[in-house]
Amino acid sequence: MMYRWIVTGLVALAGSASIALAEQPEIPLMNDNGPRLADLMERAQTRHAKLWFAGKAGNWHLAAYEIKQIQSRLEDAATLYPGLPVTDLTTMAGPLRALAEAVKAKDGKRFEVTFDDVTRACNACHDASSRGFITIKRPTAPPFSNQVFEYKK
Ligand code: HEC
């Protein structure tokens with residue numbers, strides 16, 4: 001009886017796992033030595049959060065730096081994972097450039113608007129990659145307590 005419950009449970013589990021995987025086609029890696037796409041993304045996510053707090057603190061040097069970090073992670077993703085949808089989406093070149101211009105102009109208002117545009121572009125690619133369940137948004141708390149986001153005078 002107990003055995004039957006376990007077998008039924010395992011079959012159900014295997015069934016639901018295969019459905020979930022079928023909905024998320026794997027994006028093939030260029031060569032086996034590269035970083036996992038999800039790990040590159042996690043690094044981009046960290047920088048996305050740091051960027052927000054750098055911009056809000058008016059630390060434009062750090063903000064510009066974090067934009068470059070995000071850009072590099074997306075460029076790595078585009079090179080290593082050529083199966084990602086639409087090249088312009090892949091590097092988000094347009095939205096990131098607009099954000100970099102706002103940072104260069106030290107314009108807090110434009111920073112917020114272009115930051116949200118970048119975030120929308122992140123999510124647009126997740127939607128286009130059958131990863132619509134991964135949603136990025138403005139952070140509400142700094143990702144680390146051991147880094148100062150304000151500019152040192
Ligand atoms: C070119 C398409 C594309 C762009 C642009 C993109 N992503 Fe992703 N992202 C993906 C894909 C595909 C996955 C799923 C990876 C996998 O299944 O291995 C993913 C996964 C993620 C994850 C999940 C990682 C985890 O373990 O929780 C996060 C977080 C993430 N992306 C953040 C971002 C952020 C932040 C941006 C924008 C700065 C961004 N992504 C832009 C395609 C993209």
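Me: Is methionine 41 buried, exposed or partly exposed, and what is its relative accessible area?

Reply: In this predicted model, methionine 41 has a relative accessible area of 29%, so it counts as partly exposed, because that class lies between the cut-offs of 20% and 50%.

Me: Which protein atoms are donors of the iron atom of the ligand?

Reply: There are two named ones, the SD atom of Met41 and the NE2 atom of His126, and they lie 2.1 to 2.3 Å from the iron atom.

Me: And what about histidine 126, buried or exposed?

Reply: Histidine 126 has a relative accessible area of 13% and is therefore buried, whereas methionine 41, at 29%, is partly exposed.

Me: What arrangement do the donor atoms make around the iron?

Reply: The arrangement is octahedral, because the 6 donor atoms around the iron atom of the ligand subtend angles of 85 to 180°. For six octahedral donors the ideal angles are 90 or 180 degrees.

Me: Where do methionine 41 and histidine 126 lie in the chain?

Reply: Methionine 41 belongs to helix H2, which covers residues 37-56, and histidine 126 to helix H6, so the pair ties together parts that are 85 residues apart in sequence.

Me: Which residues come nearest to the ligand?

Reply: Out of 18 residues around the ligand, the nearest are Met41, Cys122, Cys125, His126 and Arg131. As for polar atoms, one in the side chain of arginine 131 lies 2.9 Å from an oxygen atom of the ligand, and an N or O atom in the side chain of histidine 126 is 2.8 Å from a nitrogen atom of the ligand.

Me: Back to H6, then: why does its length agree with what a helix should span?

Reply: Helix H6 runs over residues 108-128, and at 1.5 Å a residue its 21 residues should span 30 Å, which agrees with the 30 Å between its end C-alpha atoms.

Me: Which residues of H6 are buried?

Reply: Among them are Phe111, Phe115, Val118, Cys122, Asn123, Cys125 and His126. Asparagine 123 has a relative accessibility of 14%, so it counts as buried, and its C-alpha atom is separated by 7.3 Å from that of isoleucine 134, 11 residues apart along the chain.

Me: Changing topic, how many aromatic pairs are there?

Reply: The count comes to 5 aromatic pairs. In one of them, tryptophan 60 and phenylalanine 111 have ring centres 5.8 Å apart and planes at 70°, so this pair is edge-to-face. Tryptophan 60 lies in helix H3 and phenylalanine 111 in helix H6, so the pair ties together parts that are 51 residues apart in sequence.

Me: Which residues of H3 are buried?

Reply: The buried residues of H3 include Trp60, Leu62, Ile67, Ile70, Arg73 and Leu74.

Me: Last one: how many helices and strands does the protein chain have?

Reply: The protein chain has 6 helices and 0 strands, and buried residues make up 34% of its 153 residues.

Key
Residues numbered from 1 in each chain as written. Predicted model: local features only at pLDDT ≥ 70, side-chain atom pairs only at ≥ 80, totals over all residues. Heavy atoms only, no water. Helix = DSSP H or I, 4+ residues; strand = E, 2+ residues; numbered from the N terminus. Expected span 1.5 Å × (residues − 1). Buried < 20%, exposed > 50% of the residue type's maximum accessible area, 1.4 Å probe, protein only. Phe/Tyr/Trp six-rings, centres within 6.5 Å; stacked < 30°, edge-to-face > 60°. Donors = N, O, S within 2.8 Å, 3.2 Å for Na, K, Ca; no water. Tetrahedral: all angles 85-135°; square planar, octahedral: opposite > 155°, others 65-115°. Near = heavy atom within 4 Å. Polar contact = N/O pair within 3.5 Å; in protein donor to acceptor, adjacent residues only side chain to side chain.
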